[in-house]
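Could you walk me through this protein model in plain words? I am new to reading structures and would like to know what to look at.

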Amino acid sequence: MQLAGKRAIVTGSNSGIGLGVARELARAGAEVVINSFSDTAEDHQIAADIARDTGAHVTYIQADMSKADQCRALIEKAGGCDILVNNAGIQHVARIEEFPVDKWDAVIAINLSSAFHTTAAALPGMYAKGWGRVVNIASAHGLTASPYKSAYIAAKHGVVGLSKTTALEAAGKGVTCNAICPGYVLTPIVEKQIPDQMKTHNMDRETVIKEIMLSRQPSGEFATVEQIGGTAVFLCSDAAAQITGTTISVDGGWTAL
Ligand code: NAD
């Protein structure tokens, strides 16, 4: 198994892309830590289900990624990690002049600052082993902008910048850091945007999906969580050992436009 003997922590992995990435890493043989802030029976069941389906060792650790100390404690409680996937994220859509300050702070904390804290806590262990992979889930919105998503776009551009700096500091130590930039993937974070977009544009669900969301995605198709997970597994492979400080778009051609 490609990733046997490696421990992976995936932040925000009880749903959507994080769950898909956790599954693919487990399928590739990694030991996986599932995380969320909710700590429900369902969260623990998700870990048990992945373990049953893949044969991998999978555990659940609660941590609120909006809190610096909990981000760092997640890495410690797991006993360090070889693979860190910074995935936890939230979205809020509003005009800049109406953007609630608490929403701005939460989006920046969960989407950007959490990656700084977990990376800071994980790097010493990776350096000691001479091997590590930091995979940050950014977005096509880490490379381009859209109106009404100021905090998210600022955070995701920040994640791309943080990935480059991490890569430079880790260079030559066996540790790489890259950002995956997905286009639209049909997960709960996207589902939640559909009603707002329907209101803003006065459109029905199907028209919002086709004309607003997928209009930016030349393939006309959502990317899947399995495709994002497969990209993360590739970044953890030996073939990717010299890929560092860059972005990989999984966006159906969005950023080629
Ligand atoms: P999602 O809502 O399904 O998943 C978000 C995850 O973050 C959940 O597991 C949730 O538990 C976790 N989370 C939220 N707040 C948290 C907190 N305070 N502490 C710990 N965990 C927390 O959405 P998703 O689409 O799977 O998004 C995952 C990542 O992918 C996000 O960073 C998002 O920005 C990014 N992304 C998504 C898309 C897309 O189209 N779905 C596109 C580009 C990038």
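Asp-39 counts as partly exposed because its relative accessibility is 41%; buried means under 20% relative accessible area, exposed over 50%, and partly exposed in between, with a 1.4 Å probe and protein chains only. Look for Asp-39 in the loop between strand S2 (31-36) and helix H2 (41-54). Helices (H or I, at least four residues) and strands (E, at least two) are DSSP runs, numbered from the N terminus. The phi of Asp-39 is near 55°, a positive value in a residue other than glycine. Most residues other than glycine have a negative phi. Tyr-148 also has a positive phi, near 75°, and is not a glycine. Tyr-148 lies in the loop between S5 and H5, and with a relative accessible area of 31% it is partly exposed.

A word on what you are looking at: this is a predicted model, where local features need pLDDT of at least 70 and side-chain atom pairs count only at pLDDT 80 or more, while totals for chains, interfaces and linings use all residues. Residues are numbered from 1 along each chain as its sequence is written, and side-chain values use heavy atoms, with hydrogens and water left out.

Now step back to the whole chain. It has nine helices and seven strands. The radius of gyration of the protein chain, taken over C-alpha atoms, is 18 Å, close to the 18 Å that the globule rule (2.2 Å times the number of residues to the power 0.38) gives for 257 residues, so the chain is as compact as a globular protein of that length. Along the principal axes, its C-alpha atoms fill a box of roughly 55 × 40 × 35 Å. Of the 257 residues, 49% are buried.

Next, find strand S5 (residues 132-137), where six of six residues are buried. Which residues cover its two sides? Gly-132, Val-134 and Asn-136 sit on one side, Arg-133, Val-135 and Ile-137 on the other, and all are buried. S5 has partners too; two strands pair if DSSP finds at least two bridges between them. Strand S4 (residues 83-86) pairs with S5 in the parallel sense over four bridges, and Leu-84 stands opposite Val-134 in S5. From S4 the chain crosses through helix H4 (residues 101-129) to S5, and this β-α-β crossover is right-handed: with the strands pointing away from the viewer, the path from the first strand over the helix to the second runs clockwise.

S5 also runs parallel to strand S6 (residues 175-182), joined to it by six bridges. Here Arg-133 stands opposite Thr-176 in S6. Together, S5, helix H5 (residues 150-170) and S6 make a right-handed β-α-β unit.

Trp-131 is buried, with a relative accessible area of 17%. Leaving out residues up to four places away in sequence, Trp-131 touches several residues, including Lys-6, Asp-82, Met-126 and Cys-236; contact means heavy atoms within 4.5 Å. Trp-131 and Lys-6 are 125 residues apart in sequence, yet 9.7 Å apart in space, C-alpha to C-alpha.

Finally, turn to the cysteines. How many disulfides are there? The count is zero, where a disulfide is a pair of cysteine sulfur atoms within 2.5 Å. For Cys-81, the nearest cysteine sulfur, that of Cys-236, is 10 Å away. Cys-81 is buried, at a relative accessible area of 4%. For Cys-177, the nearest is again that of Cys-236, at 11 Å, and Cys-177 counts as buried at 1% relative accessibility.
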